[in-house]
Every structure is written in C-alpha cells, then in structure tokens.
Amino acid sequence: MTAPDVTGTPTSDEKVPTSKQPRKQPQPRKQSSRRLHPAWIVAAVAFLALVGAAGFRAAPGVLMVPLQQEFGWSTTVLSLAVSINLVLFGLTAPFAAALMERFGIRKVTSLALCLIGLGSALTVFVNQSWQILLTWGVLIGLGTGSMALVFAATIANTWFAKSRGLVIGILTAGSAAGQLVFLPFIAALAQNPGWRGASLLIAAGALAVVPLVLRWLRNSPADVGALPYGAEAPGANPFGSKTTTPGVAVASPPVGSVTAKPDSANAAVRALQVLKRASKVRTFWALAAGFAICGATTNGLIGTHFIPSAHDHGMPETTAAGLLAVVGIFDIVGTIASGWLTDRFNPKVLLAVYYQFRGIGLLVLPLLLGSSVEPSMIIFVVVYGLDWVATVPPTAAICRSVFGADGSVVFGWVFAAHQLGAAAAALAAGFIRDATGHYNYAWLGAAAMCTVAAVISATIRKDAAKKQPTPVSA
C-alpha cells in the first residue's frame, strides 16, 4: 500500500468524497415480495376493530321489545335513543377522520372502543328513559362515530396505493361481520337471562379488541419503515392522487387545499375547512343526498325496526334476528364484491343499480312479513344483504377521485349525512308504528326514496365535470 503524502494529498488507494457524490438519504425499507406487507396486518386488525365496534348495531332491534316489556317505554322513546346514537355516529365521523390525522389512528380507535364498552356496560343500570338516551345515544354514539366507515377509508387511503376499493370493501364487511357474530347471541341472551346480559356481551366484544389495536395497529407505513402497499417509488402519494376511478371526472383539489400532508394542528378546524371546500362542489351534495337515503334504508329502518315489525306479524324475535344475521353474511359477500367491482367499473353506475334494487326489495317487504319464514323472505334477505352497504366502496372512491387528499374527511361528512338520514328514518318509523299500529308506510316511503337516490347517483359524473375547482400550488 502506498503511504500517504505528508502534505495531505490523497493517495490513489484513498476514496475521497466529492461534490459529485452526494450522501445518500435513508429510504423506506422495500418489502420483500416473499413477506406479508404490513399494510395487510393493519387491515386485519382494523377488520377486528370494526367487528368489535359493530356489536351495538345489532342490539336496538333485539333489545327494543324487552325494554318495552320491562319499563313500558314507547317505540318512539327507544327510537329517539337510537336516533341520537345515529346522529352522533354521523357527526363524529368527519372529526374522527381529522383526529386520526392529528393524534394517530391507534389512539383514536382505542378510545372509541373504550367508549362503546363503557356505554354498553352502563346500560345495565338504567331505569329511566333519559338514561337510555345517555348510554345508547351519547356514549355509544360518540364511540361508534369514531369507528365509523370513515375509519375504513382512512386505513385504505393511508396504507394502500392500490386495491383500495377491495380493502374498503373488506373493512366495511367487518361491520357486517360484527352483526353476524353478535346478533344470534344478543337475541338468545335477551330471552334468557335477559337484555342486561346482552348489553354486557356488547361491552366485552368492544373491549376485547383494544389490546390488539394497541399492539398491531400502526398509524402509517412510515412507522414501520415501509411504503404503502403497491407504491412504486418513495415519493408515491399515499392519498392516491395518481389513481383514477373509472367513469368519474377527477377534479383538482378544491381551492385552498394542497396535495401535501394536511396541517393537522387543529382537527376540528381542518374538518370544518374541508366541509367548506367540499360544499362548493355539487358532487358532494349528490353523494350526501344518496348516502342519507342509504342510511335511512339500512341502519334507520331495517337495522332498527325489522325485528319489531316481524314481531308484530307473529314471528319470534330469535327467528327475525336469525334473518338479520343472514343479511350480515351476504353483506360481507356483497361489500367485498362491490369493492372489487369499484376498482374496475364506473362507481356512479354501481350506485344507481344498488339503490334501485334496494328500493324494489323494500317495496315488496310488507307482502313478505308473516309469522313464519317463507322462501320469498329468504330471497329478500339474500338480495338485501348483498346490497346492504355495497354503496360504501363506490362512494369512497368518488370522494377520493374528486377531492384528492381531502377525500377521507369528505367521506366523513358524506357518512354524517348517511347517519342523519338513518336517525330521521329510525325516529319517523317509530312514530308511524305508534300512530298506525304497523310499519307499512315506512317501508313504502323508503322504497320511493331509493328511486330518488338512484337518479341522483346517475348525475354524479356530470356534476363532477361541471365543477372544476381552480388548482393552487402547495
């Protein structure tokens, strides 16, 4: 080896950094094709969290009759408790999306599950109607709102650069799976030993998922040194601005928005700013109107009043609960299939078809209800299950395509409309039942609204193209 020159001149054996050799910056670790991408682990935990949070969704329809029998409360009072829950469920969602950006997905999800568990556990002590409004309405409403379908959209947009429609479909099916898992047990416990045991089961289901969330649910791919699933370069946008949705005109980010990571200093302010920007785009109002009708015809009517209505026709509550469980089974299949279709076909066409088929089902429902389960009722349950929340993947896809980085929070506001529609329908159906002695007018009115939703959905592409907000630089 040649000795170095005493003057400090480098020898031929020494490597000297120059300005042409910049220091390499650390890059996210590339996942081996043989390893399971961490995004799928996060999605699996998110699925379980949605299952745990969905227990209460199966409860009101099953517990309404036992509570009436014990306390003498009217259908309208119990429907009001459900309506408060659904309103808070919806209004919390957009703020929860912003809170997840501010504090992280894991913290918000854990707190939401604890609220659901607390509200369900305290229900066993109620003896006044205002107390059921507090537990069913306020506590569980805030908890479930933070675990709303916007949670699925946030996970998909943050962790996945491709297959987002499929992932949203799978996660949305988690809510249906929760109904499927809990509903038969809730119905059995409501009969023996009673509705209090069913409430404790819901609390246990929500709290059991918290340790898994704290251990495995990461806030972003950067936390584990990875890229979003399907990202091709370190600079890939996790919000998917390069990904387009078939058949939907893609608008530039609304005025005042940027494609970089949003300022999350104040989650509430961010949620309201996104609402202000989105409200200037007609597509937002089309999605919100359609989703309000979606909520009215699922959570508001079938989810809350199907079992009491079947009971009015002489059907045992456990049998009616079993039919809703079948809805949950086919909801899983339909939602996952809808996610797959959303990645490949025009989402506004899918929405129009889904809403119209749902309207046809509601139109014939009064003719199908009876004291026993006939084959025609099985057909209704299967079709309605396939269509239950199949609207979620195409709606989330349009939000992402039109609103870019604001898509998750915009979907939160659209989902708020979903729950407001559900709350109005739940309360109105309870009033109709008390006033007329049956639910027929509620079913027929909902069928008409589904046709309106189908027509509105068919205009989404045109409205998106007409309203092109002026892009601004970050």
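Student: Why does Arg-196 count as partly exposed?

Tutor: Its relative accessibility is 32%, and the labels are buried for under 20% relative accessible area, exposed for over 50%, and partly exposed in between (1.4 Å probe, protein chains only). So 32% lands in the middle band, and Arg-196 is partly exposed. Keep in mind that this is a predicted model, where local features need pLDDT of at least 70, side-chain atom pairs count only at pLDDT 80 or more, and totals for chains, interfaces and linings use all residues. Residues are numbered from 1 along each chain as its sequence is written, and side-chain values use heavy atoms, with hydrogens and water left out.

Student: What makes the pair Arg-196 and Glu-70 a salt bridge?

Tutor: Their closest N and O atoms are 2.9 Å apart. The rule asks for a side-chain nitrogen of Lys or Arg within 4 Å of a carboxyl oxygen of Asp or Glu, so the pair passes. Arg-196 sits in helix H8 and Glu-70 in helix H2 (residues 59–71), 126 residues apart. Helices here are DSSP runs (H or I, at least four residues; strands are E, at least two), numbered from the N terminus. Glu-70 is partly exposed too, because its relative accessibility is 41%.

Student: How many salt bridges does a search of the whole structure find?

Tutor: Five. Another one joins Asp-406 and Arg-277, with the closest N and O atoms 3.0 Å apart. Asp-406 is in the loop between helix H15 (392–403) and helix H16 (407–436), while Arg-277 is in helix H10 (residues 267–278), so parts 129 residues apart in sequence get tied together. Both Asp-406 and Arg-277 are buried.

Student: Are Arg-358 and Asp-387 buried or exposed?

Tutor: Arg-358 has a relative accessible area of 1%, so it is buried. Asp-387 comes out at 7%, so it is buried as well.

Student: Why does Ser-199 count as buried?

Tutor: Its relative accessibility is 3%, so it falls in the buried band. Ser-199 is part of helix H8 (residues 195–208). Not counting residues up to four places away in sequence, Ser-199 touches Leu-63, Ser-120, Thr-123 and Val-124, where contact means heavy atoms within 4.5 Å.

Student: Which residues form the nonpolar patch on the surface?

Tutor: Val-349, Val-353, Phe-357, Ile-360, Ile-379 and Val-383, with about 530 Å² of accessible area together. Areas come from the Shrake-Rupley method with a 1.4 Å probe, and for residues only the protein chains shown count as cover.

Student: What makes Val-349 partly exposed?

Tutor: Val-349 has 41% relative accessibility, so it lands in the middle band. Val-349 lies in helix H13, which gives the most to the patch, with four residues.

How values were computed:
Patch = residues over 30% accessible without salt bridge, like charges linked within 9 Å, V, L, I, M, F, W, Y side chains within 5 Å.
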